[in-house]
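Subject: Structure for you to look at

Hello,

Here is the structure I promised to pass on. Please open it beside this email and follow along.

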Amino acid sequence: MAGRSGEKNEDGLWSNIIYMPCTAENNFTPDIPQEIPDVIYLCFPNNPTGMVATKEQLKKWVDFANEHNSLILFDSAYEAFVVDEEIPKSIYEIEGAKTCAIELRSFSKTAGFTGMRCGYTVVPKDLKYNGTSLNPMWARRQATKFNGVSYITQRAAEAIYTEEGQKQIKETLAYYQKNARVIYDGLCDAGFECYGGVNSPYVWLRVPEGYTSWEFFDELLDKCQVVGTPGSGFGPAGEGYFRLTSFGNAEKTVEAIERIKAVYKK
């Protein structure tokens, strides 16, 4: 997570933001910080790493937030991609979450109409700050500051709950899940260290030794004509990694991976 708050130091970090690195060393799940944050941002399944959090891991965060009166913003935009029944799709599956967490959800990822920018926020009435429920405050803010998504987009979102809509969503998700598996398996076969790709549409890979994220981007584009996202764009812990996405055509996904294997497989 990156942003601007406080003063910027010589490393490009902001003084009022507590950075929680997600790297291979901690299995891409952040450790609880020593400081006490006002707001904690968690994203699972994670973008960009594609990793997930277990119920036990989320329970530690919920207990921490309740103990220290911190607010959790839980981004579950990719929950529809979770296939492991042991992995929670919502933070409200965790006991105590309703008194400390707000959950963000997206129709865009679930139904595949990302450009329409349609989602929703869950603010439990049990969630309070200094004794005041945040639910009516949030409702008031939305009514004052936001005009809502367009009617045609609302109808598209509504349609996913129909019998036919649910059928089509499952087919769409299966399509992207298959792409993710093709990417993951192909990159591993080419010798890359990879993560994600199972409960998420993203595959996160470590770039070859001696490369920065952007140097690998340039080489991948030059030698393979394949485009991905340099990890450094996701914050300081992303340097040295690279993200590929399964949101694409199946045939072109296979071709892209074959091009990568042709260059990097030893």
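Which residue caps the N-terminal end of α3? The cap is S133. A side-chain oxygen of S133 lies 3.4 Å from the backbone nitrogen of N135. Keep in mind that this is a predicted model.

Stay with α3 for a moment. Helix α3 covers residues 134–145, which makes 12 residues. At 1.5 Å a residue, α3 should span 16 Å.

**The parallel pair**

Now go to β1 (39–43). β1 pairs with strand β2, residues 71–75, in the parallel sense. Five bridges join the two strands. C43 stands opposite D75 in β2. Between these strands the chain passes through helix α1, residues 55–68. This β-α-β crossover is right-handed.

Two cis peptide bonds come up here. One joins F44 and P45, with omega at about -10°. P45 is in the loop between β1 and α1. The other runs from N47 to P48, with omega near 25°. P48 also has its place in the loop between β1 and α1.

Next, find N69 in the loop between α1 and β2. Its phi is near 60°, which is a positive value in a residue other than glycine. Is N69 buried, partly exposed or exposed? N69 counts as partly exposed, because its relative accessibility is 47% and that class lies between 20% and 50%.

N130 also has a positive phi without being glycine, near 55°. N130 is found in the loop between β5 (128–129) and β6 (132–133). At 65% relative accessibility, N130 counts as exposed; the cut-off for that is over 50%.

**Before β1**

T29 lies in the segment before β1. T29 has a relative accessible area of 11%, so it is buried. Its side chain reaches the backbone oxygen of N26 at 3.0 Å. Not counting residues up to four places away in sequence, T29 touches C22, F44, V52 and Q57. F44 is the residue joined to P45 by a cis peptide bond.

T23 lies in the segment before β1 too. T23 is buried, with a relative accessible area of 17%. Leaving aside neighbours within four places in sequence, T23 is in contact with F28, A237 and Y241. How far apart in space are T23 and T144, C-alpha to C-alpha? They are 40 Å apart, and 121 residues separate them in sequence.

**The cores**

Nonpolar side chains tend to be buried together in soluble globular proteins. The largest nonpolar core here has 19 residues. L187, F192, L205, F216, L220, F242 and I260 have the most contacts inside it. Several elements each supply at least two residues of this core: α5 (163–189), β8 (202–206), α6 (213–224), β10 (241–245) and α7 (250–264).

Take F216 from the largest core. Which residues does F216 contact, leaving aside its neighbours within four places in sequence? They are F192, L205, V207, P208, Y211, F242 and Y264.

**F242 and its sheet**

F242 lies in strand β10. F242 is buried, with a relative accessible area of 0%. Leaving aside neighbours within four places in sequence, its contacts include W204, L205, F216, L220 and P230. G115 is elsewhere: its C-alpha atom is 23 Å from that of F242, and the two are 127 residues apart along the chain.

β10 belongs to an open sheet of four strands. The order is β7-β8-β10-β9, with antiparallel pairing. β9 and β10 pair in the antiparallel sense over two bridges. The bridge partner of P230 in β10 is F242. P230 is also one of the contacts of F242.

Best wishes

Note on methods. Residues numbered from 1 in each chain as written. Predicted model: local features only at pLDDT ≥ 70, side-chain atom pairs only at ≥ 80, totals over all residues. Heavy atoms only, no water. Buried < 20%, exposed > 50% of the residue type's maximum accessible area, 1.4 Å probe, protein only. Polar contact = N/O pair within 3.5 Å; in protein donor to acceptor, adjacent residues only side chain to side chain. Contact = heavy atoms within 4.5 Å. Expected span 1.5 Å × (residues − 1). Pairing = 2+ DSSP bridges. Right-handed = clockwise from strand over helix to strand, strands pointing away. Core = buried A, V, L, I, M, F, W, Y, C linked by side-chain atoms within 4.5 Å.
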